[in-house]
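Please consult the sequence and the structure alongside the points below.

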Amino acid sequence: MNWYGIKAIYIHEMERFRRTLFQSLASPIITTSLYFVVFGSAIGSRITEIDGINYGSYIVPGMIMLTILTQSISNASFAFYFPRFTNTIYEILAAPLSSFEIVLGFVGAAASKSLIIGCVIILTANFFVDVRIDHPLLMMFFLILTSITFALFGFIIGMYAEGFEGLQIIPILIITPLVFLGGSFYSINMLPEFWQKISLLNPVLYLISGFRYSFYEVSDVSLLTSTLTILTILIGCIIFITYTFSKGYRIKD
Amino acid sequence: MKNILEINNVTKFYKNSVKALEDVNLNIKEGEIFALLGPNGAGKSTLINSICGIVNFNTGTIKINNMDIVKNYRTTRKITGIVPQELNLESFETVWNNVNYSRGLFGKKPDHNYIEKLLKQLSLWDKKDNKIKELSGGMKRRVLIAKALSHQPKLLFLDEPTASVDVELRKDMWDVVKKLNKDGVTIILTTHYIEEAEELSDRVAVINDGKIILVDEKDKLIKKLGEKTIKIELFESVEKINGNLSKYNFTLDQTNKIISHTYNLNSNTTDITELLNDVKKDGYKIKDINTEQSSLEEIFIKLIQENNNELVRN
């Protein structure tokens with residue numbers, strides 16, 4: 001393994017995060033606070049509890065998931081697309097690095113940034129509501145796995161994007177709607193039966209549900225299904241990246 | 001001297017079926033400076049990008065230090081460095097971070113002393129904390145060289161190292177290249193500045209339309225293919241060419257005082273002795289004599305033209 005190479009990519013990417021620390025952290029903190037104002041105070045005054053949990057507290061896992069998913073994707077996609085755009089990728093391709101090591105460096109950094117932001121959101125949420133974590137290890141398991149999985153997904157976008165606009169299309173058109181419709185701010189039990197069945201087709205529902213279980217021991221679907229879903233997406237991303245690298249598609253002419 | 005690089009039957013097609021390299025065979029000896037000459041789009045960059053792993057080639061084998069670059073990519077890439085043609089750098093990073101990053105990528109333990117020495121050698125030390133965007137084009141080119149040398153490679157590829165740099169800086173760069181070579185680095189450079197190849201290289205290859213059309217030692221090449229012109233300046237002007245001189249195919253300048261006769265160094269006879277005797281026999285007095293040898297550029301143009309004519313015929 002080229003550990004120095006992996007470390008170089010990782011530190012290089014984290015350095016970019018450090019340089020833009022204010023923007024990186026201010027945006028999720030402000031967004032979280034706004035969600036609490038809009039959803040927590042306005043809607044929360046009408047829906048006091050879901051599954052016995054205060055509404056403001058109930059939406060915390062969903063909000064974290066929303067941020068983790070979007071941040072992991074945007075961090076990883078930008079991180080890999082940027083050297084392609086500036087042509088500095090020549091150096092990574094010419095280095096004695098395997099595709100696995102390249103992915104490890106980029107995805108590791110993107111996932112780390114998301115984890116930091118996730119922790120900042122938990123701290124921010126504490127200023128507004130009581131946040132209880134019944135299963136901290138399980139919470140960390142979901143947080144880390146989701147960060148890695150969606151950083152891998154972002155890496156795929158970074159490999160295939162043909163322009164900066166391309167980096168935004170999937171997060172805006174697919175991921176954000178899936179998160180909003182995946183029970184971030186409600187339980188699917190509150191929906192009519194037909195929409196409950198439709199919601200079960202949404203993979204993000206399983207992630208949020210499993211993650212929420214780690215906080216309050218309440219979930220829309222079983223913990224096992226949630227775990228299997230995230231692992232399936234993870235494996236799917238790994239297979240896709242491996243295939244793309246083996247062909248050199250969009251990376252090597 | 002042993003071969004540090006061996007390229008055997010390498011062919012490369014791009015996605016649109018454009019053949020970029022066709023059956024390329026080339027050996028590079030350890031310690032030499034090798035110039036790869038060719039017009040734009042001839043395949044120079046594709047060849048060095050294939051060697052460095054930046055593009056995939058379709059058929060053939062490339063070996064560095066007798067190791068296949070695909071099977072043993074970790075070992076071979078560790079001893080290879082590349083300076084790209086374009087100024088591909090991260091504008092918001094400092095010189096110091098950029099160079100250390102490159103060293104890390106190539107699997108080398110951080111060595112701040114070496115990087116400091118390298119930056120000093122390349123006159124970049126006082127710019128180490130500057131962001132790349134604050135540097136001039138020439139400085140950026142030096143940073144690219146520093147990055148390529150950060151992991152102490154044995155084989156260095158310079159893709160058009162002095163493209164779009166001024167004359168002074170070009171000479172500066174040549175000194176850097178010579179110094180590196182003196183320190184034991186084998187250098188392969190692509191260029192279309194013939195002057196550069198003439199100044200730096202030990203051997204030269206000419207590539208056109210993806211094919212290597214000639215490989216030879218620079219001096220031998222100039223000797224082998226070069227034509228020489230003897231210029232005989234006379235005291236009086238030649239009004240009409242007759243007598244003994246009429247058998248020569250020479251040209252006169254505007255003053256009719258300088259006779260130019262071109263001959264090939266390779267031919268068995270150059271007619272120079274005879275010519276000088278005939279000038280004397282015809283009653284002219286010689287004021288001065290000088291000879292001019294064809295440059296690598298003239299040879300290069302001649303070769304490319306011949307190759308293009310052959311391609312058209314085929």
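In helix α4 (residues 112-121) of chain B, the buried residues are Ile115(B), Leu118(B) and Leu119(B); a residue is buried if 20 or more other C-beta atoms, placed from the backbone, lie within 10 Å of its own, exposed if 12 or fewer, and partly exposed in between. The model is predicted: local features need pLDDT of at least 70, side-chain atom pairs count only at pLDDT 80 or more, and totals for chains, interfaces and linings use all residues. Residues are numbered from 1 along each chain as its sequence is written, while chains are lettered from A and ligands numbered from 1 in the order in which they are written.

- Helices (H or I, at least four residues) and strands (E, at least two) are DSSP runs, numbered from the N terminus.
- Asn113(B), Lys117(B) and Lys120(B) are exposed on the face of α4(B) turned away from its buried side.
- The buried residues of α4(B) pack against α3 (95-105) and α5 (137-149) of chain B, where contact requires C-beta atoms, placed from the backbone, within 7 Å.
- Ser123(B), which follows α4(B), has a positive phi, near 55 degrees.

**The sheet of chain B**

- An open sheet of six strands has the order β6-β7-β8-β3-β9-β10 (chain B), with mixed pairing; two strands pair if DSSP finds at least two bridges between them.
- At the edges stand β6 (80-83) and β10 (211-217) of chain B, each pairing on one side only.
- From one strand to the next, the twist averages 15 degrees; axes are lines fitted to C-alpha atoms, for helices over the stretch in contact, and angles run from 0 to 180 degrees between N-to-C directions.
- Five bridges join β3 (residues 33-37) and β8 (residues 186-191) of chain B in the parallel sense, and Leu36(B) stands opposite Thr190(B) in β8(B).
- α5(B) packs on the sheet and touches β6 and β7 of chain B, its direction making about 170 degrees with that of β6(B).

**Chain A as a whole**

- Chain A has 10 helices and two strands, in the order α-α-β-β-α-α-α-α-α-α-α-α from the N terminus.
- Of the 253 residues of chain A, 45% count as buried.
- The C-alpha atoms of chain A fill a box of roughly 60 × 35 × 35 Å along the principal axes.

Technical notes. Contact = placed C-beta atoms within 7 Å.
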